[in-house]
Amino acid sequence: MLLSIGRRKSAQDLVDMLLECHERIRTFSRMAEEVGRRPELPAAEVVEACARCERYFVEALPLHVADEEESIVPRLTGKRPEVDGALATMHRQHGEHEADIAALVAALRAVKASPEEAGLREQLRVVAERLSRAFEEHLAAEEQVLFPAIRAVLAPEVQAEIVAEQRARRER
């Protein structure tokens, strides 16, 4: 197996849940890079990894973005100037990531359909590496500014509301 996601940990609070989401973003980005970078991988493993990555970026990542945009932004806006700046940057970057995510999904689908095609694997590697760099900058900024602000300025009951909203999104 190219990459094992491992067992899910039990998140302790909202920030822990968000950090777990960030780790999954990093994991699936790295998996897509590895598929593109390693020509020796067996075709069946490539197809499986592409399917897992595609599912993540099509189904799960949009839920994380919705968690941030719909549940966190409204509750943190106006609390601190540095937080407002970070929220604006986060929102802008979400939009900027859309084209690369679409390109990544298209590359994953192409490689999944023709796993032995070296040119398609190279295209996947290029877009996955570009997106991984963008994600790392984005995630680090959230972890350094927004996550501490969540713990500092949002009451536990507000954080619990956000967790309930996250769970509801995933049950739809």
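Biologist: Is T27 buried or exposed?
Modeller: This is a predicted model, where local features need pLDDT of at least 70, side-chain atom pairs count only at pLDDT 80 or more, and totals for chains, interfaces and linings use all residues. Numbering starts from 1 along each chain as its sequence is written, and side-chain values use heavy atoms, leaving out hydrogens and water. Buried means under 20% relative accessible area, exposed over 50%, and partly exposed in between, with a 1.4 Å probe and protein chains only. T27 has a relative accessible area of 11%, so it is buried.

Biologist: Which helix holds T27, and how far is T27 from C53 in space?
Modeller: Helices here are DSSP runs (H or I, at least four residues), strands are E runs of at least two, and both are numbered from the N terminus. T27 sits in helix 1, residues 14-37. T27 and C53 are 26 residues apart in sequence, and their C-alpha to C-alpha separation is 9.3 Å.

Biologist: How does A149 count, buried or exposed, and what does A149 touch?
Modeller: A149 belongs to helix 4, and its relative accessibility is 2%, so it counts as buried. R80 is 69 residues away along the chain, with 8.6 Å between the C-alpha atoms. Contact means heavy atoms within 4.5 Å. Not counting residues up to four places away in sequence, A149 touches L76, V83 and L154.

Biologist: What is the relative accessible area of E136, and how far apart are the C-alpha atoms of E136 and P148?
Modeller: E136 is found in helix 4. Its relative accessible area is 36%, so E136 is partly exposed. P148 is 12 residues from E136 along the chain, and their C-alpha atoms are separated by 18 Å.

Biologist: And E48, where is it, and what is its relative accessibility?
Modeller: E48 is in helix 2. From E48 to Q123 is 75 residues in sequence and 18 Å in space, C-alpha to C-alpha. E48 counts as partly exposed because its relative accessibility is 37%.

Biologist: Zooming out, what is the radius of gyration of the protein chain?
Modeller: The chain has five helices and zero strands, running α-α-α-α-α from the N terminus. The globule rule is 2.2 Å times the number of residues to the power 0.38, and the radius of gyration is taken over C-alpha atoms. For 172 residues that rule gives 16 Å, and the chain is close to it, so it is as compact as a globular protein of that length, with a radius of gyration of 17 Å.

Biologist: Among contacts between residues at least 6 apart in sequence, how many join residues at least 24 apart?
Modeller: Of the 172 residues, 43% count as buried. For those contacts, the share joining residues at least 24 apart is 79%.

Biologist: Which residues lie nearest the centre of the second largest pocket?
Modeller: A pocket is an open set of points on a 1 Å grid over the protein atoms alone where a 1.4 Å probe fits, with protein on both sides within 12 Å along at least five of seven lines; lining residues have an atom within 4 Å of a point. The second largest pocket is lined by 16 residues, and nearest its centre are V65, H94, H97, E98 and I101.

Biologist: Which elements give two or more residues to that lining?
Modeller: They are helix 2 (43-76), helix 3 (81-113) and helix 4 (118-153).
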